[in-house]
Structure formats: structure tokens, C-alpha cells
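User: Please take a close look at the aromatic rings in this protein. I would like to know what they pair with, what sits over them and what packs around them.

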Amino acid sequence: MNKKILIFIILIISVFSFPDTIKIISPENNSENVDIKIIFRWDYAQNENIKYKVIISESSDFIKNTVLYENIYAKFFSGNIFKSETTYYIKIEAYRDNLLTGTSGTVKFKTRAYRYGDIIWNEFEKYDNIIPYYEGNQFLYINGNEIEIKDFDKKVIFRQKFDFKVTNAKIINDSIYIYEGKNLYIYDKEFHFSNVYFPDEIKEVLTPFNVVTKNGIYYFEDGKIKNKIDITDNKNIYFFKDKIYYMINSVFYVYDKTLTPEYSKTFDNITFNRIFFINSMDKIVLGNMKEIYFFEKNFDYVGKISFQNMNYNNYEVYDLIGNYGVVFDNKEINIFNGMFVKINQNALENDTQKIVGFNSEKYLVSGKLIKSIGIKNNPVWYYGSISSIQVISQPVVIKNGIFIGIKDYIDRFMIFYEETQTGNYWEGITTSGKNDNTLPDAETTPESSEVTLPDAETTPESSEVTLPDAEITPESSEVALPDAETTPESSEVTLPETEMTQEEVNLLITNKIDEITEPGNYKFMFNIPENVNFYEYELYNVKESTVSTGLFDENTISLNFSENTDYQLKIKYLYKEFKYEKEYVFKTSEIFFNNIYRKNYDEYAYDIEKYGNDIYMTGYKILDNIWFGELWKINEFGDKKEIFSFGSKEKNYFRNILITGNSTSTQFILTGDTFELGLKGDSLNVGVSPEGTLNFVVNYGDLGRDSGIKAVNYDDLNYISGGSIYKNNKLTDIFLSKYTNEGTRLWANTYGGKKVEMLSDIYKTSDQGIMGIGYTNSFGSGDFDIYAVKTDYYGTEKWSSTFGDENRDIPIGVFSDGRQRYIIYENSSDSINSYRIVGIDQEKGFDSHYTEIFSGENEKITGFKVFNEYIYLFGSKKENNKKVGLIKKFRYEDMLTANFGIEDYTYEDVNDFEITDIIPEEEYIYILGNTQINNIYNIILRKEVAI
């Protein structure tokens, strides 16, 4: 045979034996600015029993830094977080029964730059604790009696087991200190091991050379004990700026690391029961119920903050990197600059757990949300979850981020990207968190708590701290300072409180204060006379009982106001040596809007949800005969902003919003239809962040026209999606599918007969199963009957049943009253619609009878919401050949008596108005609908007084 022909045949066989059959859909090859939480998607002609392997590398030869993901059933992968501004290479392999059946080409992409608040590292596995070190390049994992050291890519570089459970661990100067009983185990940065045994039980590792035990402070070096101080009270021992401080009976004893005494300080003229150390400013802070005193690290007095006519015992002082944060009673944080002038005040949520400063402009607050807040009270970013957040590890400032452990529906540790101030990284990170800053009152300190010092000849003289008199107590926003000789000029504020002798100088607001009616941002303008050189504002919110304050140095100031709220605004200013105050009282109006979002093209909205103060709507718009699935964001004033659009060439729309959570943040699951994916139309689920970032796209369907109707939460990690599917030459069946919150399909099943089944609603049953509610004409006794299918945890059908009469019975939705579930449905014939309620049990099926709510001509109910003890039906009715918006309200307790006291609300001020969804609240109701103007659909959103 000709050699060239043989080579050609071999090449042909190779091509058909090992085809490059997998097409990577996203990311596209050579794409830039790819999100660090990208979802990989691909297409492959074969589907049965296929598992995929995703191979990702930072090198085109796939040798270095390769990361493998195997045994993936879906045609996408998500969940990993990639480094910023990094080039990656990806390829996909398909396997059936461990045999390679297909491969993809290599796709190259580069990730975007980090943004503040990005999660750049996380760990979901269950560990007792994780502690970062090497500025966050390595991590100490603690799990029972084992420790592991892993790098940033989670590769294990060291592992050690002990014969006890590790509960006490600390990292100092890149060395690991683990102590149990009297034993101290030390691993240096090269993981060399040493051990020190102490005569009594170790309470704390204070420094690389000092340990606090039950009875003393020890100095050790090279594995040997070199010195000791005997103590009988080991609670009030601190390490700060290379010195050891021991406090007893209002005396501080100061030692170097070798426990050589350096000096002592006695406080005879003040008492204090709080102590804090401010690393970024080298300050020691002592406090009592009336005042907070500030000292240099050698106890030179700097200044104090006094509380006027108030006693505070529950407060904390935080290091805000060049500023002080003073938190009173866990309710508000007052921010003072380095000169002790209050520059801002911010109300805190009741569940605030931790506060940490990470640069001079921002600080972190954790509670229900983890929030980055600017010094001027401006929100920067936040992280939330569908479950309440509990902080399980002290937030730690590391290079380029904040390390924190939280617990909501699972335990996790993560790093949020932030600009952190160099040199402010935490030293001495422990498993037990920070010291308790509450000290015993000096008067009640027991005499037995004495210190045995070294020989007298080495004991320095005690110096007494003398403070300025404490009689001067300024207002709550001012600071009592020492004599001017020791105080910078910018802080010299000494004001008489009474007996003003000079004519008052008016600093007036020149625009009209009574024009503040609408909430939002309002700019005040002042006339400022000469020689007025200091002014501040104090804004009291009566509704929330909060006060915000601040300084300003121009003739304008902008403040933000809530709706329907009484305010008291005080402007304080100085003229020469005199202090003046001007007060304004006003009230903002309630927000009401009735917005028609006019466009010259069709827009239609189906569903509405509230997230924070914002409203989100889903639907579609039509431009150039292309339907775009839309997510619109509406602020609290009714302003509309499109934040997400799906589609490019076909028909797409969203019917339903589900607020859920994935591994990194809260997100919206948008459910609807697509003609761009699948064959002749598929159901569609899209995961989107509240900011409009696309997280995933999932389509599901068969050969015909398939629709996504609804998605509901199943648990904290998964959701159920359902709709109708054209399958096996039948008209339509109901389908139910289960997904993880990251978009991975776990299973999908179909249910129904030979004709039509359509889904209306879904809910989870108490036995972890699922109930799908819809309608059918494959079974039953009439035109369409209500159809219920019950499945187990895996979606396998347990039973199905129908309910109805000879008329058309179409369910609108399901609600619960305790453990009992009820279906509201429409029974229709000609133009008469009867709306009814029937009960359903997850084991017994339908009740044998129904209860009628109401019936009438030309009234169409499209949905309902339950709020408090009421049910709100909504839709439209026809009057004079036009649609009129309609809401009907009744108590669901009246179902038991069949005596419905229905209240009707119609909206006739809008022409051709149909209501598609509502949000009822205590004070307001949001009403979403659509109208036709000049044969163009426009969206309407109203906010009105609650009905």
C-alpha cells in the first residue's frame, strides 16, 4: 500500500476515534475581565452516563498549577474563586465508564481585577478553627487533635497529630504555639519543633518568650525557663508594643520580655474598670463610667473624653487606624479623630458582634450583614446570607483583605478583598479571641492579689500619674482636654456654658427649611458671617431615636432623610470665644408614587420582590422583535434602573423571582422561558446577584415548547424549579427539578398523562418531599381539573390526584395555615368565574369539598399574597371594555365559616390596568401591573398606604 495513503487512513481513524467534540461555551477564548467567580459551560452531543473532568491551569502546557475537577454530571461547573488579573487555560474531557469519549480544545481567559468586598478565598470544610499567618499566605487548620498548614491554594504543606484535642493555639512572629496543660509545643516557620514544660498550667502565650500560667509570668528562651514573676491573679496581664503590663490595685507594673522591671505607674486620683490598647496610634486607653482617658504607651497623659450627665459601663474602644471608635451599649459608634474631636456617629444594628478597622477610611461591622463602612458613615460594600450570620472567629486584618469565620447555614471561613493599612496586621492571633477588657473596680481589688517583684535594687521608683481636674464636662459631642501647653492648637476648645454677653451672630439656613417634604438627600445652604470658624450639626431622628453628628467647613451641607419622620436639626457654631446654637424642627412626607414607566416599546412585568430598601421586578421588553428577559431595580423613591437583561436574538422572559443564597452571597433565581437555548424553547433559570452580575444560566427541556413557571427554596443550599415540558409526543407534562443554589442540577423528573398538564405552584412537604400543584385534562372529570403530584426527596412520584367538576378548574396557588395547606383556584364557565378554596394533605390528598370565596362576571384573579391574617387576591375586572386593577382582601380564618367579609379595592385612575403582583406591608402596599397605551405595554408600580 502506498505510504501516503496509509498515513492518510491513520489520520482519518484518529480523527474519528478521538474527536474534539466538546464545545466550551463560556468563557470565550481570549476573553478579558472575566469574573473571578466564573461559571464554566460547555456543550457535548452525548448525554447518557457521561461524567466530565474540568482541567484548569495557569500554564498552557497544563503541567504547572493544574487544578482538576472530576465526576461532574452537569455541563457546567461553578463554585471556585480564581485569582484576579490572572491568565488561565481550561479544557474539558468527557468519560463514560472511565473511558475517554470526548475532549475540548483549550480556551484561554484572563480574570478581572479585584473589587472591594470580593470574596477572594473561602473554606467550606468543617474545621474547629482556621488561623491565617504569613500575612494570609498560609493558614493553620485545627481539626480535633490534628493541625494542618495549607497555602493559599489549600495545598497541605505540614500536618501534625497530637494525643489531645487542640483548643489553645496562637501564632506569633510566624511561629505556632500550642499549649495543653503544662506543655508548650512550638513550630517555627520552617516547622522545626521544640517543647517547653512549665511547673503549672499554662493560661496564655503572651509573647514568643513569655507565658502566663496559673501562678506566674515566665520568660523562656531556647527551650529553657530563664526568669519568673510570681502572681496570684493572672487576669490583668497585657502585652503591648514590646512591653508586658501587669495591673493590680490601680498600679501598672511594666517589664521587658526578660521580666526585668522598667517602671510602674500609680493611679490614685482616678478609678477605671476598662482598658484598651490602640495599636495604630501607640495609645493606652483607660475608662470608667464617666470618662475615657488616653495615654502614650509610657503613660504620658494625652487627653480624655467625658460623658455629660450619662453613665456608661458597657462600651468598647476600637482602633480605627488613626481614629478611635467608641461603641456605647452596642447601639452606636462614635468616631473621634486623633485630637479627640468627634467627627461622626453611626447607629448600629442590635446584633452587631465585631468591629475592626482596616484602614484610615473604612472599618468593618459584622452582624446580620458584614458591612464595610466609611468613616463618614457611607456604606462601601456588604455581605449577607439567607440565614442570620454568627461570627465564629475574630475578624483579622491581613494583607489585601479581612479574614473572618462565620456560621449561617454552614460554617465557613473567608477573606474579603480590601485595602488594608500596612503594618496593622494582627499579631498574636489566637483561637480564643481578644482579652476581656473589663477590670475589677480598684476599691474592691482583694489585697491578696500582690506581685512578688525582683530584688529591691532593681525595682524602679513608682511615678504617680496626675491628671487635670475632672470638673469640666462638655457636651456629649465635645472633649475635655488638658492645658493648652500640651494640646495641639486644633483641639483648643474652651467655651463658657452661660452668660452670653455679646450679641448673637446668626448662622442662618438661606434655603427654606419648610421645603423639606420629600425624603432623600437635601442640601442646606448657609450665610456664614465673618469670624465664624467652627460649626457642626446634630440631626435627631425621632422615629428611630437616633442622632447623627458631623463637622462641616463650607456654606453647604447635604443630609439624607427618611420618609414620614420628625427631625430636629441643630447647627452649632463658634463666634470668637462664644458658642451658639440654632435649631430647626420639620417633618418629611410619606413616600407615595404611582409611576408608569413609559417607553416606546413593549415592557411587561410579572413578579415583584423586595430586597433591603429596593424593589426588584421581572418580565421582558421587546426591541426589534427580540424579547429580552429583564430584571429591573426600583429604589425607595420609585426610580427605575435596568440592572440585568438576558437575550440577544430570540424570545426570552422571566416570570418569577426567588431570593436565595449560594456559596458566596445572596442572589436571585429568575425563572422563565428561552428560545435561544434548547430546541423550540426551554425553561430557563438564571442566577443573578442583587447588583446584576450573572452567576449562572441553566436551561431544561425536550423537543417541544417548554416553560419555567416557578422556583422555591428547598433548604439553605438547594431550590426546586418547575414548569411544563413537551415530551415523548405528549402535549405537556409537569416537570420538577432540584438544583443547588450555584445552579447544579441534581435531578429532574416529569409527571402527567397523555394530554396537557401545566404547573401552577410548588411547596416542600414536612417529610422532605415535594408537592407540585397544577391542572390536567388527562385525568379528572371536566375540562381541566386541579392536579397534585407528591414526590419523595429524590423526585420519585409517590401519588397523584385530581379535584374538580365539569367546569374548568385552574389553581392560582397554595398557602398554609399552620400544617394545613389550601389551594385557591378558579372555577370558570363562560364569563362567570367562581373563586374557591380546597384543602390538601400531603398524605391524604384533596378534601372532599370546597369553599367558595366569591363569584362574579368579568373578574380575573391572577394571584394572591398572604400577609398577617389576611389574603389579598389581585388581578383585574372589565368595565366599559377596559381592564381595571382589582384587589380583594379577606381574613383566611373566614374559610372555616364560609362567611367572607371581602373588601374590594379598584384602581380606575389608570386606563386598561391589570395587576400582576403585590407586596403588602404594615404601612404600605406595592402594586405592580401593566397598562396598554397606544397599543404598547407599559409597566406600572404604585406605592400606597396599606389596605
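Analyst: A charge counts as sitting over a ring if NZ of Lys or CZ of Arg is within 6 Å of the ring centre and within 35 degrees of the ring normal. In this predicted model, the charged end of Arg 274 meets that rule over the ring of Tyr 315, 5.9 Å from its centre.

Now the ring pairs. Two rings pair if their centres lie within 6.5 Å. By this rule there are 73 aromatic pairs. One of them joins Tyr 324 and Phe 340. Their centres are 5.6 Å apart, with 20 degrees between the planes. That pair is stacked because planes under 30 degrees apart count as stacked. Tyr 324 belongs to strand β32 (residues 323–328). Phe 340 lies in the loop between β33 (332–337) and β34 (342–347). The two are 16 residues apart, so the pair links distant parts of the chain. Tyr 324 and Phe 340 are both buried.

Tyr 700 and Phe 735 make a tilted pair, at 5.0 Å centre to centre and 55 degrees between the planes. This pair also links distant parts of the chain, 35 residues apart. Tyr 700 is in strand β60 (residues 694–700), and Phe 735 is in strand β63 (residues 733–740). Both residues are buried.

Ring pairs can also join into a cluster. Among its members are Tyr 238, Phe 240, Phe 272 and Tyr 301.

Next, the packing. The largest nonpolar core has 21 residues. Phe 40, Trp 42, Tyr 52, Val 54, Ile 56, Ile 90 and Ile 92 touch the most other members. Strands β3 (40–43), β4 (51–57), β5 (67–72), β7 (87–96) and β9 (107–111) each supply at least two residues. β7 gives the most, with 4 residues. A second, separate core has 19 residues, including Ile 557, Leu 559, Leu 569 and Tyr 584.

Finally, is Tyr 794 buried or exposed? Its relative accessible area is 56%, over the 50% cut-off, so Tyr 794 is exposed. Tyr 794 lies in the loop between β67 (785–791) and β68 (797–803). Leaving out residues up to four places away in sequence, Tyr 794 touches Trp 747 and Asn 749. The C-alpha atoms of Tyr 794 and Ala 748 are separated by 9.0 Å, although these residues are 46 apart along the chain.

Technical notes. Residues numbered from 1 in each chain as written. Predicted model: local features only at pLDDT ≥ 70, side-chain atom pairs only at ≥ 80, totals over all residues. Heavy atoms only, no water. Phe/Tyr/Trp six-rings, centres within 6.5 Å; stacked < 30°, edge-to-face > 60°. Buried < 20%, exposed > 50% of the residue type's maximum accessible area, 1.4 Å probe, protein only. Core = buried A, V, L, I, M, F, W, Y, C linked by side-chain atoms within 4.5 Å. Contact = heavy atoms within 4.5 Å.
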